[in-house]
Amino acid sequence: MTTETVNESLDESHDDEHHDHKMTGIKRWLYTTNHKDIGTLYLWFSFIMFLTGGALAMVIRMELFQPGLQIVEPDFFNQLTTVHGLIMVFGAIMPAFTGFANWLIPMMIGAPDMALPRMNNWSFWILPFAFAILIGSFFMESGAPNFGWTFYAPLSTTYSNGSTAFFVFAVHIMGISSIMGAINIVVTIMNLRAPGMTYMKMPLFVWTFFITAYLLIAVMPVLAGVVTMVLTDTYFGTSFFDAAGGGDPVMFQHIFWFFGHPEVYIMILPAFGIVSTIIPAFSRKQLFGYTSMVYATASIAFLSFIVWAHHMFTTGMPLAGELFFMYATMLIAVPTGVKVFNWVATMWRGSMTFEVPMLFSIAFVILFTIGGFSGLMLALTPVDFQYHDTYFVVAHFHYVLVTGSLFSIYAGAYYWLPKWTGHMYNDSLAKWHFWCSLISVNLLFFPMHFLGLAGMPRRIPDYALQFADFNKWVSIGGFAFGLSQLIFLAVVIKCIKGGDKAPAKPWDGAEGLEWTVASPAPYHTFSTPPKID
Amino acid sequence: MDKGTETAPQKNQKNANTKVVKKLLLTVFAMFGFGFALVPLYDIFCDITGLNGKTNDVAAVYAADGIDTSRTIKVQFITRTAKGIPWEFEPVINEISVHPGEMKFVNFYVKNNSQRDIIGQAVPSVSPGIAAGYFQKIECFCFEQQPLKGGEDVEMGLQFYVDLDLPPEITTLTLSYTLYDITGKVDS
């Protein structure tokens, strides 16, 4: 580590880009262009948003604890489900991954920082404003958006409660932030790799973020376009989605899901990258099938553009369209299966140990696969007519987003916390977090499959009496899962404040350049590129 | 080195970054445009394939080569008024049998039940959607706007025929009209 200290002191005198770390207090965070600071900001922001969106979900589960209307009005219930979805997608999962990208990509490819540090600062700091607008709309006369996170026209246009403008501007800002973040990731990976770090030598983690960034650049502008059309339809008399003026409401769904389906892979591909980093480390083996993993990720990204209408089987598509989208969707199971089998093959005959990052990763592999299977069931056109808009869909996407994306984020957080804070986390508290989350999350989401198969519709504040018992258990699971996440907050705060000193490489099977620098990672790393062999 | 000056490698790095950023920004703008391009593309695609049940919106010319009396197609008419238009809107007959190639004329009754002058616009849709391309309207009130004074009523005509090459498995067509209030849109 002596070379690092030398680099550090060279920086002080020579580098005019990095004078900001002399600032203290709030200014350090407002003006920072340091990738580690910005990564930290993203991660904290996403965790705060996660708790906010979670709080909304708790109210939803309270309302659904028993049949009948208990504590909220149906219109407010719609606002809760809408804002819960928007916050979790755009405020919790996506910024968390951007946080990981900021913290780790430069260290993993041997770069001194992100390629565009000033834009990096901006792309983070506009995010709080977007969510201030979105959450602030709860306190407006109109109320918050109540048309579902998918904002189908005409719900968001003709029948809007007046919140459409707030919603649209918030989404625009989120989109601009994501696009800037994605551009930064692509430029960093293309231009700042250390000499000798060829594309196929990059950690798979970096590959998945690289591909995700391209997906973001391709589809976030389409989202910006469709919200703009919704805005002008609502307020400026255009008729993109209004049949009276020659538009077509079904077209809204086509454009939205052209964005929406790649979006769901934007939220899962980085998870693949995190898990592909952690499983080899605790199996003490190389990742099985690195090249096939890269190609599988790229194929999933490509296929995501040609499957969007599987969200719309019940809109009255012709048979040929239904068949095409059904087969194309089922094709995605092939590269995804390649990944799952590669993870299992990596663990096969490895010297496995079960530290908390590994526990979350193994849970990810199993539970994400369950979510994938229910996705395959939904892909089958004939049965989708039964499942469409039921709790089966809710169960499916919560398995892939909560036990998939979120569990991978936890796995990654525990894995790199020693590098970020310089301390080991409290292991027993972390294990409590894992086991409580694992049990409660399955109590929360597994019965939803059966509720959906039995016909309970989603997004409705009341339900038929026969669903009462299952909903009670689901709600109890929900409250337990919500509370379990506070354990994580405790672990992180404890870890920042103190704990066992972490060595540069706390996991003996870990590989990658980030473990060659001290823990906590110095403010500036790899000012001189490392040697890659 | 002094602050503010750049070494050659730093400058190269910056140029390389700018190049990639420019390309990516171009992609962003192109994709934003693509979102809007989907609107006409969707219409063209549906027009060619007849996927969304949209019928022709300009008058067709009768072009059938005779009448196929061996087939009889049931054509049903349904009407609906959109939210907020205080009109009565009904087909005079609910159902009619036609042979492919045979021309038919039917009427729809509409009455403005309010005291205001309102301009209405009827939007047609055919089910099954795949049959929309074979349903030819020679003359239709839906090609024009319908301005009705308060309390006024009128019968509106539709002249149509069904193409000879309508797929044989289709024996029933449903033509649905939704009537919208477009007064505000016409005024502005």
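**Figure 1. The two domains of chain B in the predicted model.** The C-alpha centres of domain 1 of chain B and domain 2 of chain B lie 44 Å apart in this predicted model. Domain 1 of chain B covers residues 6-49, and domain 2 of chain B covers residues 55-185.

**Figure 2. The five-stranded open sheet of chain B.** In chain B, the strand order is β3-β1-β9-β5-β7, with mixed pairing. The edges are held by β3 (95-98) and β7 (146-148) of chain B; each has a single partner strand, so one side of each has no neighbour in the sheet. From one strand to the next, the twist averages 30°. At the β7 end of the order, strand β5 (residues 118-127) of chain B pairs with β7(B) in the antiparallel sense, over three bridges. In this part of the view, B:Gly120 has B:Gln146 of β7(B) as its bridge partner.

**Figure 3. The four-stranded open sheet of chain B.** Here the order is β2-β4-β8-β6 (chain B), and the pairing is antiparallel. The edge strands, β2 (87-91) and β6 (135-140) of chain B, each pair on one side only. The twist in this sheet averages 25° from one strand to the next.

**Figure 4. Bridge partners along β8 of chain B.** Strand β8 (residues 153-162) of chain B pairs with strand β4 (residues 104-112) of chain B over eight bridges, in the antiparallel sense. Within this pairing, B:Tyr109 stands opposite B:Glu155, and B:Val110 stands opposite B:Val154. In a regular strand, side chains alternate between the two faces of the sheet. Strand β8(B) is also joined to β6(B), by five bridges, and these two strands run antiparallel. There, B:Glu139 stands opposite B:Gln159 of β8(B).

**Figure 5. Contact between helices α10 and α14 of chain A.** The axes of helix α10 (residues 269-283) of chain A and helix α14 (residues 356-379) of chain A come within 9 Å, crossing at roughly 120°. This angle makes α10(A) oblique to α14(A). Their crossing is left-handed. On the α10(A) side, the contact is made by A:Val275, A:Ile278, A:Ile279 and A:Phe282. Helix α14(A) contributes A:Pro357, A:Met358, A:Ser361, A:Phe364 and A:Val365. By class, the contact of α10(A) with α14(A) has eight nonpolar residues, one polar residue and no charged residues.

**Figure 6. Contact between helices α11 and α13 of chain A.** Helix α11 (residues 290-303) of chain A and helix α13 (residues 333-347) of chain A have axes that come within 8 Å and cross at roughly 150°. The crossing angle makes α11(A) roughly antiparallel to α13(A), and the crossing is left-handed. The residues of α11(A) in the contact are A:Ser292, A:Met293, A:Ala296, A:Ser299 and A:Ile300. Those of α13(A) are A:Pro335, A:Thr336, A:Val338, A:Lys339 and A:Asn342. The residues of this contact divide into five nonpolar, four polar and one charged.

**Figure 7. The contact between chain A and chain B.** Chain A gives 30 residues to the contact, and chain B gives 31 residues. On the side of chain A that touches chain B, the elements that give two or more residues are α7 (164-191), α8 (204-235) and α9 (249-266) of chain A. The largest share of this side comes from α8(A), with seven residues. By class, the side of chain A that touches chain B has 20 nonpolar, eight polar and two charged residues.

Figure 8. A cis peptide bond joins A:Ala153 and A:Pro154, with omega about 5°. A:Arg459, a residue other than glycine, has a positive phi near 65°.

Definitions and conventions. Residues numbered from 1 in each chain as written. Chains lettered and ligands numbered in written order. Predicted model: local features only at pLDDT ≥ 70, side-chain atom pairs only at ≥ 80, totals over all residues. Domains from an automatic or database assignment. Axes fitted to C-alpha atoms, helices over the stretch in contact; angles between N-to-C directions. Parallel < 35°, antiparallel > 145°, perpendicular 65-115°, else oblique. Left-handed = near helix turned anticlockwise from the far one by under 90°. Contact = placed C-beta atoms within 7 Å. Nonpolar A, V, L, I, M, F, W, Y, C, P; charged D, E, K, R; others polar. Pairing = 2+ DSSP bridges.
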